Amino acid sequence: MKRRWFNASLLAVIAGTLVACGGGDGDPGPVMAVDATGTSTFSAGNLAAQLGTYPLAPLSTAEADSLAFMREEEQLAHDVYAVSATLWNPPVFANISASEATHSAAVKALLDRYQLPDPLTGLPNGSFNTPAFQALYDALVTTSRTSLIEALKVGVQIEELDIRDITAQKAGIDNADILMVYDNLLRGSRNHLRAFMKVLTQQGGTYVPQYISQAEFDAIVNSAVETGP
Amino acid sequence: MAEPTHKYRDLTQSISAGLSNLRTSTPEVMKGFSDLGRAATADGVLDAKTKELSALALSVAARCDPCIGFHANALVKLGATRQEIDETLGVTTYMGGGPSLMYAANAVAAFDEFSKATTSKTA
C-alpha cells in the first residue's frame with residue numbers, strides 16, 4: 001500500500017467527520033479511543049477538531065525535527081506489526097498495527113498543520129527516509145519472522161523504545177498542541193506495551209527491558225489499561 | 001528564596017493545561033480565538049516577528065505574565081534578538097510609565113529564560 005493513498009484516504013475521513021459533526025458547539029469527543037485490550041486508536045475527526053482549538057505558535061527547530069522523527073518512529077511500529085500480522089495468529093498484531101497507523105497519521109496531522117514536509121512522502125510501507133529507521137525496521141522484521149515469541153518481544157521492544165523517545169522529546173517541546181498529541185502517543189504506547197506483554201506471558205515468553213528502567217517497565221506492566229488522559 | 005529556573009516555561013505550560021477544560025467545553029470559542037491569533041500574527045506587510053513584538057508590548061501594558069511568557073517564547077523561536085526586545089520594551093515603558101517598566105523586567109527575564117533553554121537544547 002502506498003502511503004500517498006493512505007494519506008489521501010485519511011484526509012477524506014477527517015473531512016467527512018468534520019462535515020458530519022456540523023461544526024456546532026459541544027465536546028468534540030476524545031482524541032483517542034481505548035478498547036478493553038488496550039488497543040489505543042486516534043480519532044482523526046476528533047483530533048482535527050481538538051487541534052483547531054490550539055494556537056498555532058511558532059515552531060522551534062527542535063520541535064520540527066521531533067515531528068519528523070516521531071512520524072517515522074510511529075510508522076515503523078505500524079509497518080513491523082503489519083508484517084507480523086501476516087505471519088502469526090494472535091490478533092494483537094493486526095489490531096495494534098491498525099492503531100499505529102492512526103498514531104503515525106496523528107503526527108502527520110501536526111506536520112500538515114505546521115506546513116512541514118512529510119519524511120515518508122512517496123515511500124511504500126517498510127521504507128524510511130532516515131537510514132537508522134530503515135536499519136531498525138529491517139532488523140526487527142528479521143527477528144519477528146523467527147518465531148511468535150520473538151515477534152511479540154519485538155512488539156514490547158518497539159513500544160518501550162517509543163516510551164523512551166517520546167518522553168525525551170517532550171522535554172524540548174513547548175507548543176501545547178504537540179504536547180497534547182505526544183501525551184496521547186505515550187498513553188497509547190504504554191497500553192500497547194501492556195497488550196504485547198500480556199500475550200507474550202500467555203505464550204510463555206519473558207522480556208528484559210532495554211530502553212527504560214526495570215522499575216518503570218514493571219510499573220507500566222502491572223498497572224491497568226489507561227482509558228483516559 | 002531563589003527564583004525557579006523554568007518560571008515562564010512552567011507558567012505557560014500550566015496555563016495551557018488549564019485551558020484544556022475550555023477546549024472541551026467551548027471548542028468553538030477556543031477555535032475562534034485560535035483562528036484570530038493565527039490570522040493576526042501571520043506574515044503580512046508586517047512580518048510575524050514585528051507582530052509578536054507588538055504582542056509582547058501589549059502583554060506588558062496589560063500586566064499579563066502568562067501572555068509575556070507565550071510571546072517571549074514565540075519571539076525566541078522567530079529569531080528575535082535581545083536588542084529588539086529591549087527597544088520594544090523601551091517604547092512600552094515610554095507609553096506606559098513605571099508600572100510598564102516593572103513588567104518590562106519580567107519580559108526580559110522570560111526572553112532570557114526561553115533563549116537559554118533553546119541554546120542548551122541545541123548545544
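Analyst: The crossing of α3(A) and α5(A) is right-handed. The model is a predicted one, and what follows is computed from its atoms.

User: What makes α3(A) and α5(A) roughly parallel to each other?

Analyst: Helix α3 of chain A, residues 61-87, packs against α5(A) at an angle of about 25°, the two axes being 10 Å apart. Angles under 35 degrees count as roughly parallel, and α3(A) and α5(A) are therefore given that description.

User: Which residues make the contact, and how do they divide by class?

Analyst: From α3(A) come A:Glu72, A:Leu76, A:Asp79, A:Val80, A:Val83 and A:Ser84, while α5(A) brings A:Phe133, A:Leu136, A:Tyr137, A:Leu140, A:Val141 and A:Ser144. By class, the residues of this contact are eight nonpolar, two polar and two charged.

User: Why is A:Leu116 called partly exposed?

Analyst: A residue counts as buried with 20 or more other C-beta atoms within 10 Å of its own, and as exposed with 12 or fewer. A:Leu116 has 17 C-beta neighbours inside 10 Å, and is therefore partly exposed.

User: Where does A:Leu116 lie in chain A, and which residues does A:Leu116 touch?

Analyst: A:Leu116 sits in the loop between α4 (92-113) and α5 (131-144) of chain A. Leaving aside residues up to four places away in sequence, A:Leu116 touches A:Ala64, A:Leu67 and A:Leu111.

User: How do you know that the radius of gyration of chain B agrees with that of a compact globule?

Analyst: For 123 residues a compact globule would have a radius of gyration near 14 Å, and chain B has 15 Å, so the value agrees. The C-alpha trace of chain B spans about 40 × 40 × 35 Å along its principal axes, and 31% of the 123 residues count as buried. The secondary structure of chain B comes to six helices and zero strands.

User: What makes up the side of chain B that touches chain A?

Analyst: In the contact between the chains, 21 residues of chain B meet 18 residues of chain A. On the side of chain B that touches chain A, α1 (7-18), α2 (20-25), α3 (27-41), α5 (65-77) and α6 (82-122) of chain B each supply at least two residues, and α3(B) gives the most, with seven residues. By class, that side of chain B has four nonpolar, 10 polar and seven charged residues.

Notes: Residues are numbered from 1 along each chain as its sequence is written. Chains are lettered from A and ligands numbered from 1 in the order in which they are written. This is a predicted model: local features need pLDDT of at least 70, side-chain atom pairs count only at pLDDT 80 or more; totals for chains, interfaces and linings use all residues. Helices (H or I, at least four residues) and strands (E, at least two) are DSSP runs, numbered from the N terminus. Two residues are in contact if their C-beta atoms, placed from the backbone, lie within 7 Å. Ala, Val, Leu, Ile, Met, Phe, Trp, Tyr, Cys and Pro count as nonpolar, Asp, Glu, Lys and Arg as charged, and the others, Gly among them, as polar. Axes are lines fitted to C-alpha atoms, for helices over the stretch in contact, and angles run from 0 to 180 degrees between N-to-C directions. Angles under 35 degrees count as roughly parallel, over 145 as roughly antiparallel, 65 to 115 as roughly perpendicular and the rest as oblique. A crossing is left-handed if the near helix is turned anticlockwise from the far one by less than a right angle, and right-handed if clockwise. The radius of gyration is taken over C-alpha atoms; the globule rule is 2.2 Å times the number of residues to the power 0.38.
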